[in-house]
Amino acid sequence: MRAQDPLNRTLALLHEATLDDTRSFDAACQLNETCGTRGSVLLLLDGCSPADMEVSFARFWLNGQRREDWERKYFEDYFPWDPRVPRVLRQPGGELLHTPDLYTEREKRNSPAYEALLDTEAQNGLHVRQAGPSGSHVAWILADSLEEDWTSAQVRLIHHLQPHVFRYVSMRQQLAEARALGTSLSGLLDSTRLGVIQLDQRGRIVTANDRALTFLKEGAGLGDEGGFLRASLPMENSELSRLLANALPPFGAQGRAGSMLITRSLAPTPLVIHINPVGEPHPEWHGRQVAALVLVVDPARRSRIDPKLVAAALGLTPMESEVAVELAAGHTIRDIARSKGRSEGTVRAHAKRIFRKQGISRQGDLVLRVMTLEDIPDSRD
């Protein structure tokens, strides 16, 4: 087997798992095998400290198993008091951090969180993070190496895989917010929250949904030129061409996902473009094969959800419904407290009651429940 094969296999599975959650276990196992680690943790966090942090996405894998028990235990018993969390968030994005360096000698003796890492075989692990969508943080935590210590070859692989792992987490969250997880390629075209463009192996546009067509027809940053995607600015068009070439390589090579920003002349915020190979080309649209998926996200778009409708539909008080709408829009506890003129403790108490009433524990679950109400008119108005 060629040395490149495990890497290509890992990338292929990450691309598949982005659109199909049933492939996430295989992707995690392959990721750990390729990196030579006992396990890994993927997180999407919103906030600046454990006190106001909201967890939108969390996956713990250890020794070939998804450990949901450790996910619950860590966030309930350790996360709010784990001293490494703010230290990781303060470090530059993309920098590998050694777990022992994130605790003082005293904390190594006294911190329950550090002691718990022994059970997950992660006291000698590595951490890396980068900025995620809408001010969030994407973190990848690697458990202990299968070698005696981390080798230079492992470190190179981890650096190479970083952008692909982070993109997987970010894209999954955006698909979840758009209620599009687990949707087929053709089903994605029904999304009203994401621009969806499907490309063939040559990069030609096979089809696009209504939202994507709106972006293309505006001609303000991204356009359709002879059936191919083009960016208006030369430098951005060069980058777009590079990403498309990476996603659609010739001769059956493994494609690479990529992301970029597209400047718009008619809007202050750029579009976010994600390009994802789909593995083996799929005959999804009138027999034409789809080889890559392009997601176009407008970060400035905010849900227009009436808190009164949320209160009626989810059985919440007026204040709880306002907090629910803000949390679903990606705002932190601190942001909501400032905008509402309330203390963080008061807002956090409302948030806890919301989660308890809904029988959920993650912000991502709340996002899905609130966003399902976005397109429902309020009949009382």
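1. Start with the E105–K108 pair. The side chains of E105 and K108 form a salt bridge, with N and O 3.1 Å apart; the term covers a side-chain nitrogen of Lys or Arg within 4 Å of a carboxyl oxygen of Asp or Glu. Both residues sit in helix 5 (residues 105-110), three residues apart, or about one turn of the helix. Helices here are DSSP runs of H or I with at least four residues, strands are E runs of at least two, and both are numbered from the N terminus. E105 is exposed at 53% relative accessibility, while K108 is partly exposed at 24%. For those labels, buried means under 20% relative accessible area, exposed means over 50%, and partly exposed is in between (1.4 Å probe, protein chains only).

2. Before going on, some ground rules. This is a predicted model, where local features need pLDDT of at least 70 and side-chain atom pairs count only at pLDDT 80 or more, though totals for chains, interfaces and linings use all residues. Residues are numbered from 1 along each chain as its sequence is written, and side-chain values use heavy atoms, with hydrogens and water left out.

3. On confidence: the average pLDDT of the protein is 83, and 86% of the residues score at least 70. (pLDDT is the predictor's confidence in each residue, from 0 to 100.) Have a look at residues 377-381, where pLDDT stays under 50. The model has eight contacts for that stretch beyond four places in sequence, a contact being heavy atoms within 4.5 Å.

4. Now the overall make-up. There are 14 helices and 13 strands in the protein. Of its 381 residues, 52% are buried. Take the contacts between residues at least 6 apart in sequence: 58% of them join residues at least 24 apart.

5. Back to charges. The structure has 15 salt bridges. One of them pairs R23 with E16, with the closest N and O atoms 2.9 Å apart. Both ends are partly exposed: R23 has a relative accessible area of 22%, and E16 comes in at 26%. Another salt bridge links D69 and R67 at 2.8 Å, N to O. Here D69 is partly exposed at 36%, and R67 is also partly exposed, at 21%.

6. Helix 9 is worth a look on screen. The helix covers residues 234-247, which is 14 residues, and its first and last C-alpha atoms are 20 Å apart. That is close to the 20 Å expected at 1.5 Å a residue, where the expected span is 1.5 Å times one less than the number of residues. Which residues of helix 9 are buried? They are E236, N237, L240, L243, L244 and A247. Viewed down the axis of helix 9, these buried residues fall within an arc of 125°, so they line one face of the helix; the arc is taken over the directions from the helix axis to the C-beta atoms. The face turned away from that buried side carries P234 and M235, which are exposed.

7. Helix 10 (residues 307-314) has its own buried set: L309, V310, A311 and L314. G315 follows helix 10, and its phi is positive, near 70°.

8. Two non-glycine residues deserve a backbone check. N63 has a positive phi of about 50° although it is not a glycine. N63 lies in the loop between strand 2 (54-62) and strand 3 (65-66), and is partly exposed at 47% relative accessibility. E121 is not a glycine either, and its phi is positive, near 55°. You'll find E121 in the loop between helix 6 (112-119) and strand 5 (126-131), partly exposed with a relative accessible area of 25%.

9. The C-alpha atoms of E68 and A58 are 9.1 Å apart, the two residues being ten apart along the chain.

10. Last, the cysteines. How many disulfides does the model have? The count is zero, taking a disulfide as a pair of cysteine sulfur atoms within 2.5 Å. As for individual cysteines, C29 is partly exposed at 25% relative accessible area, whereas C35 is buried at 1%.
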